[in-house]
Amino acid sequence: MTNTIEIADLDCIYLSYDEPQKEEFWVKIQNMIPWARRVDGVKGSDAAHKAAAEASDTERFILIDGDNIPNLDFFNLVLDFTDLDPSYQQAQYRWKAINAINGLRYGNGGISSWTKTYVENMRTHEASDGNKKTTVDFCLDSSDNLYWSMHDSYSTTYPNGSAFQAWRAGFREGVKMCLIVGEKPTVEEFRRNAATRNLNNLTIWHNVGMDVEYGAWAIYGARLGTQMTMLTDWDHNQVQSFEYLAELWDKIKHQDKYIDLEANTLGDDLRLKLGLPTSILSVEQSKFFKRHYNADKYNLGPLVREMDVIRKHEGW
């Protein structure tokens with residue numbers, strides 16, 4: 001295998017479903033990346049990724065979600081595998097994105113790179129065999145640990161094209177960040193064992209975003225997802241069903257006049273029963289937080305893994 005791969009030599013697939021901005025973003029991506037291809041409207045996360053793999057002529061390909069706008073300089077990068085373990089050429093990468101709602105910088109909604117072989121063989125989400133590690137996410141699918149969270153950020157995700165999209169984005173993260181290795185913990189386990197980074201991201205979803213359109217819906221959705229997962233007997237596996245989420249939305253969307261009150265009520269529950277900090281930041285406070293949250297963050301290289309940065313920082 002070659003020791004280097006230029007990102008510009010890889011097929012680039014734009015994967016859209018029902019994102020309100022998908023046509024607008026597709027035009028922007030075509031202007032930015034003339035060789036991009038599109039897969040649209042495929043039901044099911046596993047099936048959609050398999051359709052994207054099928055659309056690629058290159059074994060490794062780049063995947064852009066329907067609410068994501070890449071940084072143009074990403075396509076000037078080179079993946080240099082010289083002196084790296086062979087697993088780097090086999091792994092799947094998820095680079096971070098900056099979230100337009102709350103400023104978070106992590107893998108959710110970010111650009112990813114897959115191999116056709118891996119995608120064709122994975123079984124996640126609606127295709128999962130029931131394994132709790134694969135029902136609601138990709139990150140725990142690989143038994144050989146070849147799905148990697150990367151350190152760098154090369155795009156911005158905009159999951160707030162509508163009230164529904166913002167609420168759904170918050171709700172899904174409000175659920176998934178409660179899980180420990182894909183499983184729902186007890187309240188005691190959550191308090192004792194939840195990963196610090198997940199908790200930090202979760203509380204930002206719960207409290208930041210009032211400065212953007214539909215940000216209040218994202219905050220409410222995140223708080224509701226956490227409350228339903230941790231404080232009720234609701235089946236959290238339903239979070240992977242977009243049909244279920246649409247039905248749930250139909251039941252609550254009329255609450256737009258009372259959304260702040262509803263979010264605060266949920267916040268009281270999360271604070272008292274889970275020990276989570278709940279204090280929704282104002283418009284100006286949200287702007288201030290987002291500006292300074294990303295002020296000291298910078299890229300280290302496209303093949304730098306998040307786990308390696310953490311280990312170095314913690315002195316492993």
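How many cavities of 30 Å³ or more does a search of the whole structure find? The search finds one, where a cavity is a set of points on a 1 Å grid over the protein atoms alone at which a 1.4 Å probe fits but cannot get out. The structure is a predicted model, in which local features need pLDDT of at least 70 and side-chain atom pairs count only at pLDDT 80 or more, whereas totals for chains, interfaces and linings use all residues. Residues are numbered from 1 along each chain as its sequence is written, and side-chain values use heavy atoms, with hydrogens and water left out.

The largest cavity has a volume of about 30 Å³, a volume being the space filled by probe spheres set on grid points that are joined across faces, edges and corners. Its lining (residues with an atom within 4 Å of a point) consists of M210, A216, I219, Y220, I259, D260, A263 and I280.

Aromatic rings form 22 pairs in the structure, counted for rings of Phe, Tyr and Trp (its six-membered ring) with centres within 6.5 Å, and classed as stacked with planes under 30 degrees apart, edge-to-face over 60 and tilted for the rest. Two of the pairs are set out below.

| Pair | Centre distance | Plane angle | Class |
|---|---|---|---|
| Y14 and W26 | 5.4 Å | 10° | stacked |
| F74 and W95 | 5.2 Å | 70° | edge-to-face |

Both Y14 and W26 are buried, as are F74 and W95, buried meaning under 20% relative accessible area with a 1.4 Å probe and protein chains only. Ring pairs also link F74 and W95 into a cluster with W35, F75, Y88, Y93, W148 and Y154.

W148 also has R305 over its face, at 4.5 Å from the ring centre, and the charged end of K297 sits over the ring of Y293, 3.9 Å from its centre; such a placement requires NZ of Lys or CZ of Arg within 6 Å of the ring centre and within 35 degrees of the ring normal.

E306 belongs to helix 12 (residues 306-314) and counts as buried because its relative accessibility is 13%. Its side chain makes a polar contact (N or O atoms within 3.5 Å, one able to donate a hydrogen and the other to accept it) with the side chain of K96, at 3.0 Å. Leaving aside residues up to four places away in sequence, E306 touches K96, S149, M150, H151 and R197, with contact meaning heavy atoms within 4.5 Å.

Methods: Helices (H or I, at least four residues) and strands (E, at least two) are DSSP runs, numbered from the N terminus. Buried means under 20% relative accessible area, exposed over 50%, partly exposed in between (1.4 Å probe, protein chains only). On a 1 Å grid over the protein atoms alone, a cavity is a set of points where a 1.4 Å probe fits but cannot get out, and a pocket is an open set with protein on both sides within 12 Å along at least five of seven lines; lining residues have an atom within 4 Å of a point.
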